[in-house]
Every structure is written in C-alpha cells, then in structure tokens.
Amino acid sequence: QAQVYKAESDLETAKSKYIIALRRLSKLIEMSLHPYKTKLIYNKSGWASSIPQDGKEKKSLEIKLKEYESLLMKYNADYERGALFPSVHLISNISNDLLKARDDDVKNFLKPQSNYIDFFNPEYFNYAIGLQISWNVFDGRRSLAKARKARLNFEKIDRELKVAREENEEQINEAKDAIEVLEKGEIAVLLQLEALNIAVKQINIDYTGGFVDYTTILDLERQLREAENYLNQIFMQRLFAVAQLKFASGLTILKE
C-alpha cells in the first residue's frame, strides 16, 4: 500500500511538471497547447533526433561571429599601422583656360553669335599629372598609440577566437561521445526489458501454480517500470545531446 501511495504521489508530480513544460513550450513556439489534449511522442528517426553527418568544417554561430570580429579588428590594425607611413597620391587635372588663348580667338568666343564649339578646341586645354606625398611627421605620438591599441585589440580577439574554437571542438566531441554512450545504454536497457517481460510472464505462471508469492510479482513489475522509465530518460537525454551537437556544429534544430 505504501508503494501505491508513492506511485500516486509521483504521478501527480509528473503531471504538474508536464503541464508546466507544455506552458513553457507553448510560449516558446507561440502556439496554443492544451495540457490534456496535447501528446508529445518521441521519434528516434524524426528530424529532431537525426544525428548530423560529419562535414568538412563545423563551427557554431558564436565562432562565425567571432571570426568576423577578428577580421574586422585585423583590418583596423592594418589601417592604423598604415597611417604611420607616408601616403602617396596620384593627382591629375584638365582645364580649359581661354585667358591663355590668342586675343582674337577670345574676342570671337565672347561674341554672342560666336560658335561655342570653340570651347572644346584642344588649343584652350591644359593638362597636369603628378604625385603628391603627405606624411604626418609628429602628432604627439597619437598615431603610434592608436596603432598599438588596434594591434592589441586584434591580438585579444584572435586569442579569444582560438580559445572559442577549442571549446567548440570539445563541445562537438562531448556531444558525439554522449550520443554514443546513450545508444549503447539504450541497447542494454532494451535487452533488460525483453528479459523482464519474459520473466513477468513466467512469474505469473508460477504464481498461478503456487510456487511464488505476490510480493515477488510486485518486485518484478517494479523493476520493469523502472527499466521503462530509464529508457524514456535515455530517449530525452539523446534528444538533448543531438540538439547540443547541432548547436555546436552551427546547424539549426528546427525542421527546414
């Protein structure tokens, strides 16, 4: 009777946790889920439990953002370093200077009835091309300080990127190892359940024949329920491990 009371208490606790979990899931997916009409079924071959195949390069979204940040810092460091050296500019100019033309041509051009096509006469054009060098020789060492600061920022981000990559690789390996262990545990529990089901059938026959008492049946059924509960836990742990592997690999856990 004590075991019955305990089972009833565990059942009420499980119902309460189930309702709370459904409410959280409803808010997360923005869908209405009725606590007594909604039934979630685990499917090992479904999209949520499918293990991603090994690709050439796997990295989380955090690593990708960190790589972009590191690249930006590198460009900034190179830019500030380049500001320490002279800048060379190529300049060119084309102008039409009528003041340097012949007096008669200028007078004819300024007449209202003149032909304005003379404005494009090559004789009135000046051409110039050259190089211009500029160098900030002294600015109180501000440029040097900015270049050093930009370089240190890049080295800091680059170090953080290296650490993040190592952690990301560990997360992927840990998720793979967890999935492998859970799959082996699942096989063992399935074999245990098969043996317990056979034992329950045999113990019922023995009880009918008077060879065992009812407490033996209760103990065996308790082992069967515990094994079934442990198998469900393995299913959920495997689901979380697959989700962790997808997150660490930069893949979406949602169905595409």
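**View 1. Lining of the largest pocket in the predicted model.** In this predicted model, 44 residues line the largest pocket, and those lying nearest its centre are Y18, L40, N232, Q233 and M236. The space in this pocket amounts to about 2,200 Å³. By class, its lining residues comprise 25 nonpolar, 10 charged and 9 polar.

**View 2. Helices that contribute to the pocket lining.** Helix 1, spanning residues 2-29, and helix 5, spanning residues 214-248, each provide at least two residues of the lining of the largest pocket. The largest share of that lining is supplied by helix 1, with 15 residues.

**View 3. Packing of helix 4 against helix 5.** Two packed helices are described by the angle between their axes and by the distance separating those axes. Helix 4 covers residues 142-208, and its axis lies 8 Å from that of helix 5, at an angle of about 160 degrees. Angles over 145 degrees count as roughly antiparallel, and helix 4 and helix 5 are therefore roughly antiparallel to each other. The crossing of helix 4 with helix 5 is left-handed. In the contact of helix 4 with helix 5, 26 residues are nonpolar, 10 are polar and 5 are charged.

**View 4. Packing of helix 2 against helix 4.** The axes of helix 2 and helix 4 are 8 Å apart, and the two helices pack at an angle of about 160 degrees. Helix 2 and helix 4 are therefore roughly antiparallel to each other. Where helix 2 passes helix 4, the crossing is left-handed. The contact of helix 2 with helix 4 contains 11 charged, 9 nonpolar and 4 polar residues.

**View 5. Salt bridge between E160 and K66.** The side chains of E160 and K66 form a salt bridge, with an N to O distance of 2.8 Å. E160 belongs to helix 4 and K66 to helix 2 (residues 61-82), so that this pair, 94 residues apart, links distant parts of the chain. In total, 12 salt bridges are counted in the model.

Methods
Residues numbered from 1 in each chain as written. Predicted model: local features only at pLDDT ≥ 70, side-chain atom pairs only at ≥ 80, totals over all residues. Heavy atoms only, no water. 1 Å grid on protein atoms, 1.4 Å probe; cavity = no way out; pocket = protein on both sides within 12 Å on 5 of 7 lines; lining within 4 Å. Points joined across faces, edges and corners; volume = space filled by probe spheres on them. Helix = DSSP H or I, 4+ residues; strand = E, 2+ residues; numbered from the N terminus. Nonpolar A, V, L, I, M, F, W, Y, C, P; charged D, E, K, R; others polar. Axes fitted to C-alpha atoms, helices over the stretch in contact; angles between N-to-C directions. Parallel < 35°, antiparallel > 145°, perpendicular 65-115°, else oblique. Left-handed = near helix turned anticlockwise from the far one by under 90°. Salt bridge = Lys/Arg side-chain N within 4 Å of Asp/Glu carboxyl O.
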